[in-house]
Amino acid sequence: MQATGSGATATAVRPGRRPGQSAPPPAPARRAGRFNVKAALIPWLFLAPALVIFAMFKFWPMAQAVKMSLYEVRPYLGDRWVGLDNYRQVFTDEDFLAAIGHTVVLAVGQTGGSIVLGMLLALLLEGSAKHLWVVRTAAFLPTVAAMAVVAEVWRILYFPAPDGAVNSIFDWFGVGPSQFLNSADSSLLSVMAVGVWRGAPYDMMIFLAGLAGVDRNLYEAAAVDGANVFRRIWHVTFPALRPVFAILFTLAAIRGLRVFTEIFLLTNGGPDGATEVMMTLIYKLGLERGELGIAAAGSMLLLAATVLLTVVVRAAQTRSSRQVS
Amino acid sequence: MASGFDSALGFSGRRGPVAVVAKVVVYTVVVAIFAGPLLALMVGAFTRVPDPTSLSLTSGEFTFDNFTRAFDRGVLGYLANSFIVVGGGLLLQIAVSISAAYSLARKRFPLMKLVFLLILSTMMLPEEVLAIPLSLVLSEVNLTGSLLGMIVPVGAWAFSILVMTEFMKEIPVELEEAARLDGAGDLRVFWSVVLPLCRPALGVIGIFGFTMIWDQYLLPLLVATDAQQFTLPLALRTLRSDEEVGVGVLLAASLLALLPSVLAFLAMQRQFMRGLTSGAVKG
């Protein structure tokens with residue numbers, strides 16, 4: 001299967017030409033033999049702003065987090081070394097275990113829901129007609145809306161009274177009324193639905209880019225061979241979209257576990273901790289209860305899980321792409 | 001077989017009345033689900049909505065009251081904060097990205113691979129994961145309680161740097177060589193040869209940076225020490241818990257927080273799509 005969805009893998013395919021690395025600047029070349037400090041410094045000067053900002057706001061906090069996770073952090077009293085105690089507490093504390101569970105459920109649900117719905121949308125809305133472009137653009141708007149706005153709108157739409165907006169629509173179909181965010185039974189699912197609502201159009205656009213790269217002749221050929229729509233999608237479209245799935249899973253691995261803003265604004269972990277995820281719990285422990293060490297240990301766990309997941313997804317992806325070629 | 005596969009489903013080949021009706025129904029449902037809530041927000045902002053159950057798409061009476069009352073609550077100030085943060089952050093982010101990309105794409109130096117890896121690895125270190133120590137670092141360097149604290153940390157974004165680097169790699173080296181033969185130094189080459197050719201990529205990182213910074217929530221939350229420094233997205237939560245403010249006022253403020261990113265997206269849709277499909281991974 002040579003025809004892969006190209007658009008989405010543009011970066012994977014390096015341009016054949018690799019400019020920029022040849023042609024030493026003429027001036028230093030004439031002074032050959034002497035090590036040119038200035039020329040050696042130039043790349044670093046151009047990189048400096050980025051590296052300084054990353055060092056200050058990514059790597060330094062990360063080093064701090066590693067250190068804090070091993071101490072009982074006591075402002076003014078001096079920190080006390082506790083070894084792996086904080087980690088032990090994270091892994092035994094019921095709240096933390098529940099939060100880990102909610103995080104995983106939410107991440108899996110949102111990722112899966114967005115991919116399935118996004119794929120469906122992409123298939124339904126593929127095409128070059130102008131009206132399709134309008135529909136696609138309208139459907140994409142949730143993705144560019146700020147999460148804070150999305151949360152406020154859905155809090156209002158989810159209003160748990162029978163004449164709340166979503167409940168009114170449920171009523172047409174004889175469902176509900178639901179308590180949505182207000183009940184421990186439905187709150188996690190309600191949050192998940194908002195995530196899918198915002199995530200599916202994003203996935204749709206990436207799928208569409210992949211679909212655009214599928215060779216039309218393959219569809220013709222499949223049709224001539226008598227394959228129906230489902231067989232055509234299964235045997236021609238899906239294999240061609242393999243790189244797209246890989247990208248979406250990588251994204252999901254990086255983003256899935258760190259969900260914060262939507263929970264913070266929709267439920268703040270409630271009711272009764274039913275939607276407490278790792279990040280909201282870490283936020284509360286660290287910034288409201290001053291348990292900095294335990295919060296840091298939780299962050300480290302989150303980071304480790306993210307890295308592990310990314311590596312696993314990457315590995316699975318290289319293996320499957322090797323099988324294809 | 002007449003051609004007609006402009007899509008995987010091959011719908012466009014069929015033109016019967018049933019197919020047309022089915023299509024109209026599908027498109028209506030899709031738009032209603034995804035754009036409907038935002039439309040409700042827009043309508044609600046311009047009608048009287050004392051409580052969530054009175055939100056209606058059809059029966060409202062047009063009013064500007066929600067906005068005037070939102071302005072009384074300082075929403076314009078929050079909006080100004082948001083624009084300062086997004087303007088400053090975006091300028092810094094673009095400058096930092098093109099500068100770093102110039103090195104990564106057009107130079108060769110020791111430790112280049114390591115630098116590249118470090119930049120990639122920051123994608124796995126979002127503010128969320130670092131929230132606790134980040135808030136300490138921010139106060140150590142005196143960036144809490146100032147909008148600068150929301151601007152500087154977003155100044156370097158791996159996605160922007162990588163998109164820019166990929167783009168710069170494709171600029172023909174001959175152009176650069178010609179300039180160097182004319183005696184141009186690095187700054188000169190960077191400024192008058194490479195940069196003008198990067199304009200299409202500037203659009204891509206510009207629109208992505210804009211929506212990314214506009215969507216920031218946790219960072220402003222960590223930085224702000226009182227309501228004076230709130231960006232509009234942060235202020236929505238305060239407005240909501242304000243008993244005297246009705247749903248309509250909240251919706252008016254939400255609309256003001258929604259429009260900039262939506263308008264930016266609509267204006268630069270082509271660049272946005274290019275970034276979505278060429279950047280591959282953004283974190």
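Start in chain B: the C-alpha centres of domain 1 and domain 2 of chain B lie 32 Å apart. Select 14–67 for domain 1 of chain B and 74–278 for domain 2 of chain B; these bounds come from an automatic or database domain assignment. The model is predicted, with local features needing pLDDT of at least 70 and side-chain atom pairs counting only at pLDDT 80 or more, while totals for chains, interfaces and linings use all residues. Residues are numbered from 1 along each chain as its sequence is written, and chains are lettered from A and ligands numbered from 1 in the order in which they are written.

**Stop 1: between the domains of chain B**

Show the contact: 14 residues come from domain 1 of chain B and 9 residues from domain 2 of chain B. Contact here requires C-beta atoms, placed from the backbone, within 7 Å. On the domain 1 side, helix H1 (17–45) and helix H2 (65–72) of chain B each give two or more residues. H1(B) gives the most, with 5 residues. Helices are DSSP runs (H or I, at least four residues), numbered from the N terminus. By class, this side of domain 1 of chain B has 9 nonpolar, 3 polar and 2 charged residues. Nonpolar covers Ala, Val, Leu, Ile, Met, Phe, Trp, Tyr, Cys and Pro; charged covers Asp, Glu, Lys and Arg; the others, Gly among them, are polar.

**Stop 2: H1(B) on H13(B)**

Axes are lines fitted to C-alpha atoms, for helices over the stretch in contact; angles run from 0 to 180 degrees between N-to-C directions. Under 35 degrees is roughly parallel, over 145 roughly antiparallel, 65 to 115 roughly perpendicular, and the rest oblique. The crossing is left-handed: the near helix is turned anticlockwise from the far one by less than a right angle, whereas clockwise is right-handed. On H1(B), pick residues including Leu38(B), Leu41(B) and Met42(B); on H13(B), Leu251(B), Leu255(B) and Leu258(B) are among those they meet. The contact divides into 9 nonpolar, 3 polar and no charged residues.

**Stop 3: across to chain A**

Select helix H2 (residues 37–68) of chain A and helix H5 (residues 127–140) of chain B. Their axes come within 8 Å and cross at roughly 110 degrees. H2(A) and H5(B) are therefore roughly perpendicular. This crossing is right-handed. Display Phe57(A), Trp60(A) and Met68(A), among others on H2(A), with Leu130(B), Pro133(B) and Val137(B) among those on H5(B). The contact residues of H2(A) with H5(B) divide into 13 nonpolar, 1 polar and 1 charged.

Terms used. Contact = placed C-beta atoms within 7 Å.
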